Amino acid sequence: MITPRQSEVLQFIVDYIAIKNHAPSIREIMHGTHMKSTSTVSGILLRLEDRGVIQRLKKKHRAIEILKLPTRIATDEQVQVQENNG
């Protein structure tokens, strides 16, 4: 499961890629989700990567691949992650 904040970041990344055909930078994610620091975004991306939701290529900018998409469950407090089969 991922948190609502992690889901917000993930959704921003998905939407950004759909529009621009490449992943956003950490700073673009920060501005797009109204966070106050790039460190916060980096921490969220690390947790999403640890959970197998995204994959990032080290030492490459804008290299985020979505591995799984979130599916909201009954409460908005948690989001359950399911495999993206297509």
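Partly exposed means a relative accessible area between the buried limit of under 20% and the exposed limit of over 50%. The views below show a predicted model.

**View 1. Glu28 and Arg62 meet in a salt bridge.** Side chains of opposite charge can pair when their charged atoms come close. Here the N to O distance is 2.8 Å. How accessible is Glu28? Its relative accessibility is 26%, so Glu28 counts as partly exposed. Arg62 has a relative accessible area of 37%, so Arg62 is partly exposed too.

**View 2. Glu49, Arg56 and Lys58 form a network of salt bridges.** Start at Glu49. The side chain of Glu49 meets that of Arg56 in a salt bridge, 3.2 Å from N to O. Glu49 also forms a salt bridge with Lys58. In that pair the closest N and O atoms are 3.4 Å apart. Is Lys58 buried or exposed? Lys58 is exposed, because its relative accessible area is 59% and the exposed limit is over 50%. The whole structure holds 4 salt bridges.

**View 3. Gln6 is a buried residue of helix H1.** The helix covers residues 4-20. The relative accessible area of Gln6 is 3%, so Gln6 counts as buried. Which residues does Gln6 touch, leaving aside its neighbours within four places in sequence? They are Ile44, Arg47, Leu48 and Arg51. Look next at Thr3. Its backbone nitrogen lies 3.0 Å from a polar atom of the Gln6 side chain.

**View 4. The largest pocket has a volume of about 180 Å³.** Rolling a probe the size of a water molecule over the atoms shows where empty space is left. Which residues line the largest pocket? Pro24, Ser25, Ile26 and Leu45 are among them. The lining also includes Arg56, Leu57 and Lys58. Lys60, His61, Arg62, Ala63 and Ile64 belong to the lining as well. By type, the lining residues divide into 6 nonpolar, 2 polar and 4 charged. Some names return from earlier views. Arg62 lines the pocket and meets Glu28 in a salt bridge.

Key. Residues are numbered from 1 along each chain as its sequence is written. This is a predicted model: local features need pLDDT of at least 70, side-chain atom pairs count only at pLDDT 80 or more; totals for chains, interfaces and linings use all residues. Side-chain values use heavy atoms; hydrogens and water are left out. Helices (H or I, at least four residues) and strands (E, at least two) are DSSP runs, numbered from the N terminus. Buried means under 20% relative accessible area, exposed over 50%, partly exposed in between (1.4 Å probe, protein chains only). A polar contact is a pair of N or O atoms within 3.5 Å; within protein, one must be able to donate a hydrogen and the other to accept it, and residues adjacent in sequence count only if both atoms are side-chain atoms. Contact means heavy atoms within 4.5 Å. On a 1 Å grid over the protein atoms alone, a cavity is a set of points where a 1.4 Å probe fits but cannot get out, and a pocket is an open set with protein on both sides within 12 Å along at least five of seven lines; lining residues have an atom within 4 Å of a point. Grid points are joined across faces, edges and corners, and a volume is the space filled by probe spheres set on the points. Ala, Val, Leu, Ile, Met, Phe, Trp, Tyr, Cys and Pro count as nonpolar, Asp, Glu, Lys and Arg as charged, and the others, Gly among them, as polar.
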